[in-house]
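Colleague: I have a model open and would like to talk it through. May we begin with how the terms are used?

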Amino acid sequence: MSISLILGLVIFAAVLGLGYAFINFYAVRRMEEGTDRMREIAAAIRLGANTFIAYEYKIVAVVAVIIAVVLGVLISWSTAVAFIIGAVMSASAGWVGMKIATYANVRVTNRARTTGSLSETLKVAFKGGSVMGLCVSGCALLGLFIVFLVFGVGLNQISAAAGEGEALWGSCSSLIGLDASFTMTLSGYALGCSIIAMFARVGGGIYTKAADMGADLVGKTEAHIPEDDPRNPATIADNVGDNVGDVAGLGSDLLESYVGALISGAVLAIELFVQGVYADAAILKAMIMFPLAFSAVGLISCVIGIASLFVRKKLSDNPHRELNTATWISAGLTILLGLGITWYIFSPFIGEYAMFEGAVSDIPLFDTVEFNIGFISPWISAAIGVVAGVIIGRIAEYYTSYDYKPTVKLAQSSVEGSALTITQGLSLGMISCMLPCVVLGASIFVSYEIAGMYGVASAAIGMLSFVAATVSVDTYGPISDNAGGIAEMSYLDADVREITDTLDSVGNTTAAIGKGFAIGSAALATLSMMTSYIFAYTDPVTITSAQELVKGALDYITLNVINPRTLVGAIIGAALPYLFSGMLIEAVAKAARRMVEEVRRQFREIEGLLEGKVLPDYKTCIEISSQGALREMRTPAIMAIAFPVVCGFVFGAEFVGGVLVGATISAIMLAIFTGNAGGAWDNGKKYIETGAIAGHQKGSPAHDAAVVGDTVGDPLKDTVGPSLDILIKIMSTISLVTVTVFSKYNLIDWIESLLG
């Protein structure tokens, strides 16, 4: 296996993905925007989104610089630089995605206006979404290429990890003398992506849901005016929120998930080698490079899958089927090309035997790294991740789409009032947790049996290997939602809004599917990172016989749940996602409350507003959402970063290990529950709006009840749920980065040493 060839494949895939993204970007820009009124509204949305993200990134930049300095002092300068690279890549993907969304929205509206074709309008929305999807994978791989080339190869950190020399220029030590490694460099890159994702998701989520709730509660249920009606003062802020939360936040979120999955395998392999569990340096290098190579062929496959939708001259009027086709092509090609790259990387070790005490043993080399089905083991594990992700997505679709019984039943409950709507939605969300967890558990068990903990990491890689396609589909949703708002505010024909609403309804389901992928991969990646975390603070393994080379990684480590520190940590960790979620919901409620008061004030004080004679003050509502989001996002985001570090320096490594276990299990359930319940409430409302329930149309009491349910679900599905997968990954990553320090220096150990 040639590391140079793998890195060449990675940069080719990154350039291909980013190049195709910019081709689509400028293809969208060249399209007509429509009428003067449409251009005016689109410009207002664009200005609001640009202003907010600029302020948000200024705040994040300050936090990032502080963290980088701390990492440089405590861990290594290479970790700090990799952290900055990760932050820049994540921020860049989010910014480009937000820009294309604010250009694509009005062009989608105009295509629906000029053609009256659902399929032609779908192409424009998906072309805009593809820019975000391709930038997520392209930026992530570009950053990883830089990290591997500069630190892994240039500064010799990969060879140093394999025990073949030392890293150059002191890149493996900190200013206070603690040793670091390529593990820390990779983790620093992932942490940089996580920091941006946390602030972007939390800040954008608070912004968009505060505006959405204010617009719905007053506009729909009190004034009984249509969604996105230009008379509603909060409607521009609502549309701005779609871009900063559901596009920029989504892009940073999924890029962070993607990177977390990729580095989990490489980090795990390095830690197992350093701790003596794996013994062969050559196969270690192969295991480090495999995640990069597999993700590269995944991006190439996604370019083909995405392009397949555009090259066909005529599409059906079933947008869900067309989007699924692009996704299936991407996933299928990823599996096929992944088999080829797996053969290239691992086939040279076929027939090789492990070395023990300088002599060749009778133990097959693959057995020592738990490849129980030979060289194909990591590929099978990755394929299991792909299949598990698809199944979890289908389960999410079943519980959130009004094409199926659960959401239809939820919509019908709205006839009895808002209380039963909320009750039915809670029931649906809770019930929907079981099947995804069964699939997730089965994929963990089977992938572990095939390739050990590295197999679990490979399953996470597989689940997100075609993330460019899934993010493209996911991003198309908020673009379509914005397009519908522009159509309504521009007084276009009802046929135009019907097209955009159809696309938006499908977008709600694809968003729920994307959230399923995100939390599923987060669970798999976090499990791998937790294993690396435990190895990072335990003593190296001593191999006393050749037979011990084939023991599983988990046989060498333990996290004793009976230990009071670990048990208490697990209990507190399980409560942490609820604390975090509660803080986010409260933040949304505070901002939404101010929005509701402002909308009511304008309806009350501006003469002729409800009659449509004058336009409302949109600017004040945008300012309320912006100020509320920027003010409220800091505490929960900083808490997620600081909590494991503070706990580590006070209570030690075992306590933090318990926190990670408890938080991960709790967050998985809560994320699935909030995502599916919120998606079902939203689509239940849309089901009523289609007129499917006789006698209950828009503006009816049943519709009012459904709007209340949708409003309850808004902060759950678009703020809480997406932030939870970031929470568990950022905690596991920052714990892995800092454990080398707090495992040696913590308050409890110091007190115990004083007491003798």
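Predicted model: local features only at pLDDT ≥ 70, side-chain atom pairs only at ≥ 80, totals over all residues.

Colleague: Then is Tyr 491 buried or exposed?

Modeller: Tyr 491 has a relative accessible area of 56%, so it counts as exposed. Tyr 491 sits in the loop between helix H15 (467-489) and helix H16 (494-537).

Colleague: What is the phi of Tyr 491 near?

Modeller: It is near 60°, a positive value in a residue other than glycine. Glu 370 also has a positive phi, of about 65°, although it is not a glycine.

Colleague: Where does Glu 370 lie, and is it buried or exposed?

Modeller: Glu 370 is in the loop between helix H10 (365-368) and helix H11 (377-400). Its relative accessibility is 9%, so Glu 370 counts as buried.

Colleague: Changing topic, how many helices and strands does the protein have?

Modeller: There are 22 helices and two strands. The radius of gyration is 26 Å, close to the 27 Å that the globule rule gives for 756 residues, so the protein is as compact as a globular protein of that length. Its C-alpha trace spans about 85 × 65 × 45 Å along the principal axes.

Colleague: And what share of the residues is buried?

Modeller: Of the 756 residues, 67% count as buried. Among contacts with a separation of 6 or more, 86% are between residues 24 or more positions apart.

Colleague: Let us turn to helix H20. What span should it have?

Modeller: Helix H20 covers residues 653-689, and at 1.5 Å a residue its 37 residues should span 54 Å. The C-alpha atoms at its ends are 53 Å apart, which agrees.

Colleague: Why is H20 described as largely enclosed?

Modeller: Because 33 of its 37 residues are buried, H20 is largely enclosed by the rest of the structure. H20 is followed by Gly 691, which has a positive phi near 85°.

Colleague: Which residues does Ala 702 touch?

Modeller: Leaving aside residues up to four places away in sequence, Ala 702 touches Ser 414, Val 415, Ile 688 and His 696. Ala 702 belongs to helix H21 (residues 701-742) and is buried, with a relative accessible area of 3%.

Colleague: How far is Ala 702 from Ala 411?

Modeller: Their C-alpha atoms are separated by 8.5 Å, although the two residues are 291 residues apart along the chain.

Technical notes. Residues numbered from 1 in each chain as written. Heavy atoms only, no water. Helix = DSSP H or I, 4+ residues; strand = E, 2+ residues; numbered from the N terminus. Expected span 1.5 Å × (residues − 1). Buried < 20%, exposed > 50% of the residue type's maximum accessible area, 1.4 Å probe, protein only. Contact = heavy atoms within 4.5 Å. Rg over C-alpha atoms; globule rule 2.2 N^0.38 Å.
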